[in-house]
Amino acid sequence: AAGYIGAQAVVSGVVALFTKLREGVGSVVEFEFANSRLAAILGTTSDQIKELTLDAKRLGATTKYTASEATELQIELAKLGFTRKEILDATESVLRFAQATGAELGEAASLTGAALRMFNADTRETERYVSAMAVATTKSALSFSYLATALPIVGPVAKAFNFSIEDTLALVGKLADAGFDASMSATATRNILSLIHISEPTRRT
């Protein structure tokens, strides 16, 4: 009986080892495939995106996300038209934004990319933008999905009137606190900004 139990333990250990090896090989294959897709979207080869590959590995070791997931985020940013340098600037901040809000990586990338573009911001400001959006979701009735609906509507108008991302989020947040849904809040904010813009010449006169 003792011999049988010992043999079973050995077999279980061998099975567990092979399972780990198989999972490891699968992860490597998945990571390599993701990098090939990223290179294709950027119109280059895997050898030319080594900085992105190394960054994905670093993030896989220092965040709750795997290297493959970090690469998938890089792919989403590449689809939005970001360059290799811009992707390097933005990836870590977007990962942390997704973690803070519970958003899917693709959704976090889309909203961050849209916010940067609509305010004509450099990707070196990504940390500022995602921090502002993350804080807004904790200090008001705003949620990630609320922002994803409202910001694309009001953002371009706010930028045209020289409002910052922080000012825009504050206005939208106040309306959210007052019970406005995302679409109504964005429309109301846009109208408020328009009224402010129209009244400025009168005040100066």
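A: In α3, the buried residues are A67, S68, A70, T71, L73, Q74, I75, L77 and A78. Buried means under 20% relative accessible area, exposed means over 50%, and partly exposed lies in between (1.4 Å probe, protein chains only). Helices (H or I, at least four residues) and strands (E, at least two) are DSSP runs, numbered from the N terminus.

Q: What kind of model is this, and how are residues numbered?
A: This is a predicted model: local features need pLDDT of at least 70, side-chain atom pairs count only at pLDDT 80 or more, and totals for chains, interfaces and linings use all residues. Residues are numbered from 1 along each chain as its sequence is written, and side-chain values use heavy atoms, with hydrogens and water left out.

Q: How many helices and strands does the chain have?
A: The chain has 9 helices and 0 strands. Read from the N terminus, its elements run α-α-α-α-α-α-α-α-α. Of the 205 residues in the chain, 37% are buried.

Q: How do I check the length of α3?
A: Compare the expected span with the one in the model. The expected span of a helix is 1.5 Å times one less than its number of residues. Helix α3 (residues 67-79) has 13 residues, so it should span 18 Å. Its end C-alpha atoms are 18 Å apart, which agrees. Just after α3, G81 takes a positive phi of about 95°.

Q: Is L73 buried or exposed?
A: L73 belongs to helix α3. Its relative accessible area is 0%, so L73 is buried.

Q: Which residues does L73 touch?
A: Contact means heavy atoms within 4.5 Å. Leaving out residues up to four places away in sequence, L73 touches T91, V94, L95, L105 and A109. A C-alpha distance tells you something else. L73 and A56 are 17 residues apart along the chain, and their C-alpha atoms are separated by 9.3 Å. For E104 and L73, 31 residues apart along the chain, the C-alpha separation is 9.7 Å.

Q: Where is E104, and is E104 buried or exposed?
A: E104 sits in the loop between α4 (84-101) and α5. E104 counts as exposed because its relative accessibility is 55%.

Q: How do I describe two packed helices?
A: Give the angle between their axes and the distance between the axes. Axes are lines fitted to C-alpha atoms, for helices over the stretch in contact, and angles run from 0 to 180 degrees between N-to-C directions. Here α3 and helix α5 (residues 105-118) pack at an angle of about 35°, with their axes 9 Å apart. The contact is made by E69, L73, E76 and L77 of α3, and by L105, G106 and A109 of α5. By class, this contact has 4 nonpolar, 1 polar and 2 charged residues. Ala, Val, Leu, Ile, Met, Phe, Trp, Tyr, Cys and Pro count as nonpolar; Asp, Glu, Lys and Arg count as charged; the others, Gly among them, count as polar.

Q: How many residues are in the largest nonpolar core?
A: Start with the general idea. In soluble globular proteins, nonpolar side chains tend to be buried together. A nonpolar core is a set of buried Ala, Val, Leu, Ile, Met, Phe, Trp, Tyr and Cys residues joined through side-chain atoms within 4.5 Å. The largest one here has 54 residues, and F97, M133 and L151 have the most contacts inside it. Helix α7 (residues 144-160) gives the largest share of this core, 8 residues. Not counting residues up to four places away in sequence, L151 touches L111, A115, M118, M133, P156, I165 and T168.
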